[in-house]
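I opened this notebook to record what I looked up in the structure.

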Amino acid sequence: MPNLTTIISVAGASFAASFVEAVEALTVVLAVGLARGWRPALSGAAAALVALALIVAILGPLMSVVPIRALQFVVGVLLLMFGLRWLRKAILRAIGIVALHDEDAAFARETRELSEAGRGVAHGFDWVGGATAFKIVLMEGIEVVFIVIAVGAGRGLLGVASAGALAACVVVAAVGAAIHRPLARVPENALKFAVGVMLSAFGLFWTGESLGVAWPGSDAAILAFIALFLAVAFGLVALLKPRAAALA
Amino acid sequence: MIGAIVKELIGLFVDDELLAAAILCVVALVSVLTLSGVAPDWLAGLLLTLALPAALAASVLRSARRAAPRK
């Protein structure tokens with residue numbers, strides 16, 4: 001039976017990671033809606049959600065067939081690659097080597113490109129706008145599905161992880177529908193930093209457990225791994241930020 | 001569009017190729033050592049705990065050395 005620490009970690013990681021993905025999807029869907037019209041924006045997003053539901057419906061039953069050790073190993077390695085990639089990029093952004101992601105700038109760029117693109121209208125439907133909304137919602141949605149499976153499957157907490165992701169998507173969609181602007185004030189790099197740390201910690205834990213490692217403290221070891229990756233990440237930022245600033 | 005989606009899917013896991021390769025090498029090495037019985041479980045855990053953050057640090061330091069600041 002997973003303890004409260006694990007449940008909160010799984011829900012928190014799933015919520016924060018899905019929040020970032022949903023914000024990115026919202027930016028592009030809003031750009032499609034304002035530049036090409038709400039019909040292709042909402043149709044494309046809805047079609048992507050149907051495609052995602054099909055993917056989940058097909059992959060879902062397979063999860064119970066795969067032995068738990070094999071599942072933990074595959075998920076653990078993928079989590080390590082996914083989480084450390086996010087963490088690396090967040091560190092480079094914090095140092096100033098890679099530019100921070102700017103939702104306002106992304107929104108302006110998408111809107112301009114979509115406005116300049118050919119109409120692409122066939123049978124009364126704007127396929128350029130629809131395809132753009134479809135692609136971004138599908139891509140970010142696949143990331144959300146992966147995150148839910150990755151953080152939830154190893155301990156049978158898919159329901160908790162799904163609830164965290166669903167809550168994040170609902171919050172972002174509700175705020176986006178209310179203000180009709182990208183959520184530029186969300187501290188995206190800080191969120192990515194935190195999520196990268198959490199996903200890397202989960203990846204290390206699952207990978208080790210799948211190889212038979214009996215981590216000291218059992219699930220509480222995840223907290224130690226979070227502290228470890230945080231220390232490494234903050235240490236790298238503290239070491240490299242002054243150098244990058246001096247060279248700028 | 002399918003090609004672009006596949007490319008982006010791979011991009012979810014691989015950004016810095018050397019970091020991705022380092023993660024796979026560490027996991028493969030520890031798996032071989034553990035499954036062959038050469039390394040006890042605690043050593044496998046210790047190797048993972050030390051090598052993965054080290055791979056991250058090496059990747060960041062390499063990028064910092066190579067990249068022009070605030071590009």
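The entries below follow that order.

**Conventions.** I worked from a predicted model, in which local features need pLDDT of at least 70, side-chain atom pairs count only at pLDDT 80 or more, and totals for chains, interfaces and linings use all residues. Residues are numbered from 1 along each chain as its sequence is written, and chains are lettered from A and ligands numbered from 1 in the order in which they are written.

**Fold of chain A.** I looked up the secondary structure and found eight helices and two strands in chain A; helices (H or I, at least four residues) and strands (E, at least two) are DSSP runs, numbered from the N terminus. Their order from the N terminus is α-α-α-α-β-β-α-α-α-α. The radius of gyration of chain A is 20 Å, close to the 18 Å that the globule rule gives for 248 residues, so chain A is as compact as a globular protein of that length. The radius is taken over C-alpha atoms, and the rule is 2.2 Å times the number of residues to the power 0.38. I noted that the C-alpha atoms of chain A fill a box of roughly 60 × 55 × 25 Å along the principal axes.

**Contact with chain B.** I found that 37 residues from chain A and 32 residues from chain B take part, where contact requires C-beta atoms, placed from the backbone, within 7 Å. On the side of chain A that touches chain B, α3 (68-95), α5 (127-152), α7 (188-210) and α8 (221-247) each supply at least two residues. The most come from α3(A), with 13 residues.

**Core.** I next looked up burial: 51% of the 248 residues in chain A are buried (20 or more other C-beta atoms within 10 Å; exposed, 12 or fewer; partly exposed, in between). The largest nonpolar core has 96 residues, a core being a set of buried Ala, Val, Leu, Ile, Met, Phe, Trp, Tyr and Cys residues joined through C-beta atoms within 7 Å. Helix α1 (residues 4-36) of chain A gives the largest share of this core, 18 residues. F202(A) is among the residues with the most contacts inside the core. Leaving aside neighbours within four places in sequence, I found F202(A) in contact with A13(A), L79(A), A150(A), V151(A) and I222(A).

**Loop residue.** I checked S218(A), which lies in the loop between α7 and α8 of chain A. Phi of S218(A) is near 55 degrees, a positive value in a residue other than glycine. Most residues other than glycine have a negative phi. S218(A) is partly exposed, with 14 other C-beta atoms within 10 Å.

How values were computed: Contact = placed C-beta atoms within 7 Å.
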